[in-house]
Structures are given as structure tokens and as C-alpha cells.
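Hello,

Here is the structure I promised to pass on to you. Have a look first, and my notes follow below.

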Amino acid sequence: MAVELAKNVYGVGVVDWALRRFHGHELSTHRGSTYNSYLIVDEKTTLVDTVWGPFQEQLLRNIREIVDPAKIDIVVANHAETDHSGGLPAVMRQAKNATVVVSPRGKESIPGHYHQAWNFRAVKTGEKINIGAHDLVFVEAPMLHWPDSMFTYLTGKNILMPNDAFGQHYATAFPFNDQVDQEELYEEALKYYANILAPFSPLVLKKIEEVLALNLKVDMIAPSHGVIWRKDPLQIVKKYQQWASQEPEKTAVILFDTMWEGTRQMADAIGLGLASENVPYRIFHMAVSDRNDVIAEIFRARAVVIGSPTFNQGILPGLSPVLEEIRGLKMKNKIGAAFGSYGWSGEAVKIIEEHLQRCNIPVVAEGVRAKWQPAVEDLDRCRELGRSVARAVKA
Ligand code: FEO
């Protein structure tokens, strides 16, 4: 269904309540998602972004509630990832003479996905296209989320359409930020930032400064996923500045995997050590925890303490995905430590410590290894490890 967001501006995208895995199966989306597409009716009819391919017919139905899709003059493709561009072929089959407006890098990525000889126009930061009573103003935003990403601003209505930036994977009954549960909204916005945008934090800070310096009046921020920020729209910009600065809370996250509960007992003892120094902590058994939820927890915390028994002279495979994610997300201002039980060779702790160093996470306490099941003295050493990490968190 089309939703009027402002006079002659409509949301024509799709709410996907059923989505549980995104980016293939890489990202969990417990609350679904939306693929937002915006229709602007002026002298020239403009569509900003489309939807994921499986929903292209629903997009066309939504557009038809307002205009015949054949009358679309301009299709802005802010970003080529197929959750936003997947509906382009269906739209362009109707709007045969439309111009597809892309960033200079989009001129590579959109044709690279669809191999169609559409009429393209590449725009740079600051370029404007007049559509009648309003202008579209473009701002290139590389790495928010791909090199091709771009923001589109609608003058007069003062609506910023920043595509992936400021989004959330959050299906809701109503389209605006002031109509939804605030705790859920920010939980999803943070999870989205931590799992998708965290590695680009320096660029996020720079881009926000650049956009703020344009002194554009912003009445609405309409991203391509989740709710539209209508009430105090700059609240999410301020939150992004805070998240992008990566100043963690004085808390710790303990991650572990275990076969026969030895490493689990060690995790619990480390937690007791942290608590004895009044540092809040959470423990996650990674074989049964949602990796993306845990990433959001790690993103907020100062310390990450990782444990594995030695398995085939390495770590338990259940831990590997989160370790790879920690590396790729380039989290800043973290400290770390390692622990684990072993029976014979006992390499896991060293492997984890080396991984932390590769991630630029300094190891702040000597790792604890316990042979076979941890003895009372081993658990004492774990409590001391927790206390050491806690002191480093508070330092
Ligand atoms: Fe929502 Fe980078 O796509």
C-alpha cells in the first residue's frame, strides 16, 4: 500500500515481516525488515530506490495507486545492492523512457548487476536535478554502505533519503519513528550499525560533518530500511556520531564454546571476577547464540574475553565465525583476553590471543589454561583474570 509521507511524496516500498536472514544467511533479522522506495509527484515523477526483486510486483502495485508507472521520468538508484535495486528491471520495463540517476560509482555497479542499456545519468555531490517545484540534490556517500552509495535530498519538503544509512531491519505497522516502540527501534538501529556500518565509522563521521555543513533543513530522514525519522529526525544522526566514535561502555562480554563444560565453568568464574570489581558483563555460548546479536553486544562493550577448549590443535569451530566477524568489523577501543581448557596439546588460548592481536585488540591479562576439567586453583586464576580485565576496563 502507498503511504503519503508529505504532500505528493509517497512511501511505495514493502514491509517484509517474514525476513529472518539477510545478506543471504549472514545477518539475523528477528523483526523482519522493509525495503523503502519513495515516489515524488511533481512536474517530473521521480522514484527514489526500488525494492528487493521478489517484491517488485508489490512495488508496482503500490506505485499504481498513485500514478501509472509508465509516467515515471526519473528513477534514482542510490545504491546497487539488490535489496534496493532488485525492482529496477520491472520498473524500467514500464517506465521505458525514464532516466536512471546514479552516483559515478553507481554507473559501474548498476549496469554490472542488470546489463541493460538504460538511459543513465551519473551525478556528483552537490549536483541538482529540477523536477518542477522541487529539486533533487545528491551527496555521494561512499561506504555507507558500498562505494556507490549516495544520499538524495528533496528540497521544499526537506526530506533526506540516505539509503542504507540510519536504517534498521525492523518491520512495523506504522512508518514513522514516533509510532513505534523506542527500545526496539534503537536495539535494531544499533544492531544494524554494529553489524553493517561499524568498519566504516571514520567515513560515517566525516560524511555527517559534510552533510551538516551543507546546512540543509531536515524535516525527515527517510532511509531505505525501517522507520522514517520524522520526530526530531537528527536524533539518529547524533546517535550515529556517538556510535561512529566507538567509545565503549565500561562493560565486558565473555564469549566461549565448550564440549564438556570445562571452558564454561571458566567463563562463569571470569564473570565473577568482573562482577567483584563492579564491571557488568554478559556471557555468550557461541555455539547456541545469535552471532549478530552478540556482535551488537561486543560493539558496545570495552572488553571481549574469549574462551575455547583446544580442539584438533585449534579452537572449537563454533567460535570461528564470531572471531572472523570481529576482525572484519575493525572495532576500535577494545581490550581482550583469552582462556580455555585442554587435554593434551593446549594451543587454543595462544591462537585466540594471536587473533586478538591481529584485530588490534590488546591482550590485557595473561590467558588462563586449565588442563582437563578446571580445578579450584584454575577457577581462582579465572576469577583473577576477570578482576584484571575489570581493572583495565575501568582504567
Ligand atoms: Fe540495504 Fe547495502 O543494502
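S109 sits in helix α4, residues 106-114. With a relative accessibility of 16%, S109 counts as buried, where buried means under 20% relative accessible area, exposed over 50% and partly exposed in between, with a 1.4 Å probe and protein chains only.

A word on the source: this is a predicted model, in which local features need pLDDT of at least 70 and side-chain atom pairs count only at pLDDT 80 or more, while totals for chains, interfaces and linings use all residues. Residues are numbered from 1 along each chain as its sequence is written, and side-chain values use heavy atoms, with hydrogens and water left out.

The chain has 12 helices and 21 strands; these are DSSP runs numbered from the N terminus, helices being H or I of at least four residues and strands E of at least two. Of its 395 residues, 57% are buried.

There is also an open, mixed sheet of five strands, ordered β12-β13-β14-β15-β16; strands pair if DSSP finds at least two bridges between them. Its edge strands, β12 (128-130) and β16 (220-221), each pair on one side only. Parallel pairing over two bridges joins β15 (residues 159-161) to β16, and L160 has I221 of β16 as its bridge partner.

Enjoy exploring!
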